[in-house]
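Hi there,

Have a look at it first, then read on.

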Amino acid sequence: MEITSKIYKGFLMALICCLGFAGCDDKLDEMNVNPYGIDPAEVNPNLLMPSVLAAAAQSYANLGVNDMAGAVQHTQKNGWYDGHNNYGWENMNWTGWYNILRNNELLYKRAVELDNDYFTAVSLTMKSFVFGNITDLWGDAPYTDALKGDQASVELQFPKFDGQEVIYDGIIADLQTAVSLFGTAGNDAVTPANDLYYGGNAAGWKRFANSLLLRYYMRISEKKPDVAKAGIEAVYASGEYIQNVSQDAVLDYTGGASDIWITRHIPLNPDDFQRYQACQTFIDQLMGTNDPRLAVWFAPVRVRWEADESLAVASEDFIRNDGEPLGVVTYPFDDFVNQYPDEHFTRKYNPYLVAYNDAEYVGLPPSLLVPESYNGNPSPGQGTQNQHVSQLADIYQSAGAAGDILKARLISSAEVSFIFAEAALKGWSVGSAEQHYYEGILKSLTVWGKSDDYEGFIAEDEVAFDGSLEQIIEQKWVASWTAATEAFADYRRTGYPKLVTGPQSPQPRVALRFQYGDDEYNNNSESITGALDRLQLTDYSGSFGKDSQWSKSWLYQGTSAPWD
């Protein structure tokens with residue numbers, strides 16, 4: 001019976017197929033047409049914008065809270081931490097960035113076909129932003145021949161790598177074109193809800209594009225000082241750049257299931273959230289200046305060490321609730337957060353017998369050998385709660401809602417002010433370095449809800465303006481919280497802040513770049529050879545050779561930055 005059934009089913013399927021083919025009247029070319037698909041030649045640019053803008057902002061924020069946050073020592077992880085803590089950037093794939101560029105290229109082509117200056121300028125701005133991140137992080141990359149794989153030329157299937165100088169020059173040229181187009185662009189064809197950054201406001205986009213110009217002019221300021229000086233002075237004179245926090249280029253998360261802050265999926269996976277911990281380098285900076293943003297970004301330790309010189313042992317085995325022994329070794333992380341939000345826990349130790357950090361806020365030192373055991377954690381393990389080290393603040397695991405404090409920031413008014421402060425120190429005609437420095441601080445405090453603390457904060461000795469580049473870059477580094485990619489670029493360019501690596505770092509210096517991914521070696525090996533030849537070996541390149549995290553791309557060759 002089973003065989004008969006199978007034969008019957010086979011006969012029935014054959015009959016259906018025959019009837020289907022007969023009914024097609026020989027129009028077999030239409031059988032695979034998706035009636036719900038969108039023809040790229042007819043797609044509305046409004047439908048393309050959200051995919052480009054959301055992916056670019058989220059990818060940038062992801063860097064800013066993950067590998068880049070570790071590199072600039074904002075945070076460290078206590079589990080699965082090699083890339084975050086120790087520059088484990090081998091085989092770093094840039095496919096996600098080029099996927100954004102492919103969608104953006106279609107946006108550009110449709111904008112040109114429709115003769116729409118608004119969409120054209122948006123696509124040029126986003127092209128510049130994405131390629132800026134690619135060359136910042138890897139160095140040379142496919143640029144002039146990229147995104148042309150649909151063309152017949154065999155050479156374009158294996159695009160050449162352009163030098164970093166060519167890419168930066170192209171970025172600046174495209175941004176200049178975008179600024180010009182935004183000056184006269186109408187927004188009649190724009191669906192405001194689909195413009196996730198500026199809601200169809202060309203003036204906002206123009207400020208964004210000009211602010212990106214400031215970023216990249218400063219990026220090349222050591223290699224092309226005359227170009228950078230003229231460019232920054234021209235943007236400053238125009239007045240059309242991001243001047244206040246309401247103009248920042250941001251993606252505002254809605255808090256929906258598929259549109260949440262990067263760490264907000266964590267309530268579903270508490271182990272993941274617990275891996276993000278403060279870095280002691282950053283904690284030292286924030287505590288040393290009484291920075292009011294500290295409590296916004298980090299939680300106090302759940303269990304604070306309390307020195308007791310009379311203790312007969314190095315440390316007690318139990319924790320105390322407001323001074324009373326509880327007789328237990330540990331609590332799960334969720335218990336601390338959900339069941340005891342207002343309780344204060346302590347544990348006693350004898351400072352003559354063991355050294356622990358007993359501050360209210362404690363970070364992991366960079367590149368620790370065993371970060372999960374640091375500071376006397378009684379329950380070490382990959383991703384477990386360390387009671388004695390600060391986690392991210394609780395806002396980073398809340399449900400979230402549109403318009404709240406957490407956003408993906410592509411560039412901010414604070415960054416712009418610090419760029420002008422640095423330019424003024426160079427003697428360029430952009431106003432007062434001191435004024436821009438203080439404005440940068442105020443804008444960052446405003447973003448994080450601490451503007452009322454401004455006067456007291458700038459009165460701190462370590463914060464009051466001293467006219468040094470180091471101080472400007474340090475405050476810019478603090479203000480780049482969750483946007484650490486820019487702080488990483490500043491560090492490599494200036495050597496500030498003075499970051500020191502830890503015992504597990506593969507080299508005694510902070511790394512400089514991502515390694516190229518295996519896809520390029522396997523599928524574009526001839527083109528990548530030229531890029532490797534143009535990298536400069538350093539004393540720390542190590543066994544990786546030219547394609548090392550510690551090799552120098554064009555931007556840093558011939559300079560002592562960031563380390564001699």
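**A buried glutamine**

Let me begin with glutamine 557, which counts as buried because its relative accessibility is 18%, and the cut-off for buried is under 20%. Please keep in mind that this is a predicted model. Glutamine 557 sits in the segment after helix 20 (525-534). What does the side chain of glutamine 557 have 2.8 Å from one of its polar atoms? The backbone oxygen of arginine 534 is at that distance. The backbone oxygen of lysine 552 also lies 2.9 Å from a polar atom of the glutamine 557 side chain. If residues up to four places away in sequence are not counted, glutamine 557 touches Lys223, Arg534, Leu535, Gln536 and Lys552.

**The chain as a whole**

Stepping back, the protein chain has 564 residues, and 54% of them count as buried. Its secondary structure comes to 20 helices and ten strands. Taking the contacts between residues at least 6 apart in sequence, 74% join residues at least 24 apart.

**Helix 17 and its partners**

Two helices that pack together are described by the angle between their axes and by the distance between those axes. Helix 17 (residues 469-479) and helix 18 (residues 484-494) have axes that come within 9 Å and cross at roughly 160 degrees. The two helices are therefore roughly antiparallel to each other, since angles over 145 degrees are counted that way. Their crossing is left-handed. From helix 17, the residues making the contact are Leu469, Ile473, Lys476 and Trp477, and from helix 18 they are Glu486, Ala487, Asp490, Arg493 and Thr494. Sorted by class, this contact has four nonpolar, one polar and four charged residues.

Helix 17 also packs with helix 14 (residues 413-425): the axes come within 10 Å and cross at roughly 170 degrees. That makes helix 14 roughly antiparallel to helix 17. On the helix 14 side the contact is made by Glu415, Phe418, Ile419, Ala421, Glu422 and Leu425, while helix 17 brings in Leu469, Ile472, Ile473, Gln475, Lys476 and Ala479. Which classes do the residues of this contact of helix 14 with helix 17 divide into? There are eight nonpolar, one polar and three charged.

**Alanine 487, in helix 18**

Alanine 487 is found in helix 18, and at 5% relative accessibility it counts as buried. How far apart in space are alanine 487 and methionine 68, C-alpha to C-alpha? They are 8.4 Å apart, although 419 residues separate them in sequence. Leaving aside neighbours within four places in sequence, alanine 487 is in contact with Val72, Trp477 and Ser480.

**Helix 11**

Helix 11 (residues 280-288) has these buried residues: Gln280, Phe282, Ile283, Gln285 and Leu286. What covers them includes strand 5 (276-278), helix 12 (294-297) and helix 17. After helix 11 comes asparagine 290, with a positive phi near 50 degrees.

**Backbone details**

Phi of tyrosine 87 is near 60 degrees, a positive value in a residue other than glycine. Asparagine 91 lies in the loop between helix 4 and helix 5 as well, and it has a positive phi of about 50 degrees although it is not a glycine. Are these residues buried or exposed? Tyrosine 87 is buried, with a relative accessible area of 1%, whereas asparagine 91 is partly exposed, with a relative accessible area of 37%.

Finally, look for two cis peptide bonds. One joins tyrosine 496 and proline 497, with omega about -5 degrees. Proline 497 lies in the loop between helix 18 and helix 19 (518-523). Another cis bond runs from alanine 561 to proline 562, with omega near -5 degrees. Proline 562 is in the segment after helix 20.

Terms used
Residues numbered from 1 in each chain as written. Predicted model: local features only at pLDDT ≥ 70, side-chain atom pairs only at ≥ 80, totals over all residues. Heavy atoms only, no water. Axes fitted to C-alpha atoms, helices over the stretch in contact; angles between N-to-C directions. Helix = DSSP H or I, 4+ residues; strand = E, 2+ residues; numbered from the N terminus. Parallel < 35°, antiparallel > 145°, perpendicular 65-115°, else oblique. Left-handed = near helix turned anticlockwise from the far one by under 90°. Contact = heavy atoms within 4.5 Å. Nonpolar A, V, L, I, M, F, W, Y, C, P; charged D, E, K, R; others polar. Buried < 20%, exposed > 50% of the residue type's maximum accessible area, 1.4 Å probe, protein only. Polar contact = N/O pair within 3.5 Å; in protein donor to acceptor, adjacent residues only side chain to side chain.
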